[in-house]
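Thanks for coming, everyone. Let me put the chain on the screen and walk you through it.

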Amino acid sequence: MELSNTSVTPGSYECTMTVDCAIFGFQSNKLKLLLVRRSTDPFKNEWLLPGGIMNDGQTLEESVNKVLFNLTGIDNTHQEQVKCYSALERHPVKRVVTVCFYALIKPENHPVIAKNYVSEVKWFSLDGLPKMAIDHNQLASDALLKLRDNLKQKLIFGELLAKKFTLKELQDLYESILNEKLDRRNFRKKIKQMDLLLETKEKKAGVKGGPNLYMIKE
């Protein structure tokens, strides 16, 4: 895989199965993406989505959880599968087929640390992403499109918001993910029609007027 430390002679017919994960976080009303910088060849000093090899005896889901922890220290996240990438020459060293996932986390709940073949772990705003190695810009773009599509079909935002949130905070999140301005009245009407939120009868502390707090129904 992209972050493996194994080299294979070009032209080898060996095929490796890997997993990559686009980790999205919400900070200062901005959706951000977590990237890792490779510390050894191949791709030394280049940015990538965190990823690694799927080992024997592992499922894809087990692999992505282990890879995230081994490279960044992130643990206990839920991932959604995006797509499989199998272009014959997507990797310059050997044949690599990868399955991409995305995860939604609250950055303050998951302190990150560069581990193993990673020299740096950093959050990037989506409008300031660097050029990534291999096809990882495409993987990140596809992951965002998948997230947007899922968001339009169901109320899903992982850890991006606190357990209890205001409707304004929810709309701010939607606007950041969809990259568009939403009409306040229509948004609230649509969200309430989905009947997935529970009004807690609590007020947002420290905010004038004390807007109501909501949470997802269990």
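I'll start with confidence and overall layout, then go through a few loops.

This is a predicted model, in which local features need pLDDT of at least 70, side-chain atom pairs count only at pLDDT 80 or more, and totals for chains, interfaces and linings use all residues. Residues are numbered from 1 along each chain as its sequence is written, and side-chain values use heavy atoms, with hydrogens and water left out.

Confidence first. pLDDT is the predictor's confidence in each residue, from 0 to 100. The protein chain has a mean of 88. Of its residues, 93% reach 70 or more. Residues 1-12 are another matter: pLDDT there is below 50. That stretch still has 42 contacts in the model beyond near neighbours in sequence. Contact here means heavy atoms within 4.5 Å. A caution applies: where pLDDT is low, the predicted coordinates should not be read in detail.

Now the layout. The protein chain has four helices and nine strands. These are DSSP runs, numbered from the N terminus: helices are H or I with at least four residues, strands are E with at least two. From the N terminus, the order is β-β-β-β-α-β-β-β-α-α-α-β-β. The C-alpha atoms fill a box of roughly 65 × 35 × 30 Å along the principal axes. Take contacts between residues at least 6 apart in sequence: 66% of them join residues at least 24 apart.

What share of the 218 residues counts as buried? It is 47%. Buried means under 20% relative accessible area, exposed means over 50%, and partly exposed is in between, with a 1.4 Å probe and protein chains only. The chain exposes about 11,600 Å², and carbon and sulfur atoms supply 48% of that. Those areas come from the Shrake-Rupley method with a 1.4 Å probe.

One annotation. UniProt, in an unreviewed entry, lists residues 16-146 as "domain: Nudix hydrolase". Such annotations may be inferred rather than shown by experiment. In the model, that span is 18% helix and 40% strand. Its end C-alpha atoms lie 25 Å apart.

Next, the backbone. Most residues other than glycine have a negative phi, and most peptide bonds are trans. Keep that in mind for the loop between strand S1 (15-27) and S2, where Ser28 lies. Ser28 has a positive phi of about 50°. Asn29 sits in the loop between S1 and S2 too, and its phi is positive, about 60°. Ser28 counts as exposed because its relative accessibility is 71%. Asn29, at 48%, counts as partly exposed.

On to the loop between strand S2 (30-38) and strand S3 (47-48), which holds Asn45. Pro42 is in the loop between S2 and S3 as well. The peptide bond from Asp41 to Pro42 is cis, with omega near -5°. Asn45 is partly exposed, at 46% relative accessibility. Leaving aside neighbours within four places in sequence, Asn45 contacts Arg37 and Arg38. Its C-alpha atom is 7.9 Å from that of Ser119, 74 residues away along the chain.

Last stop: Pro107. Where does Pro107 sit? In the loop between strand S6 (95-105) and strand S7 (118-125). Pro107 counts as buried because its relative accessibility is 7%. Not counting residues up to four places away in sequence, Pro107 touches Gly25, Phe26, Gln27 and Trp123.

That's the tour. Over to you.
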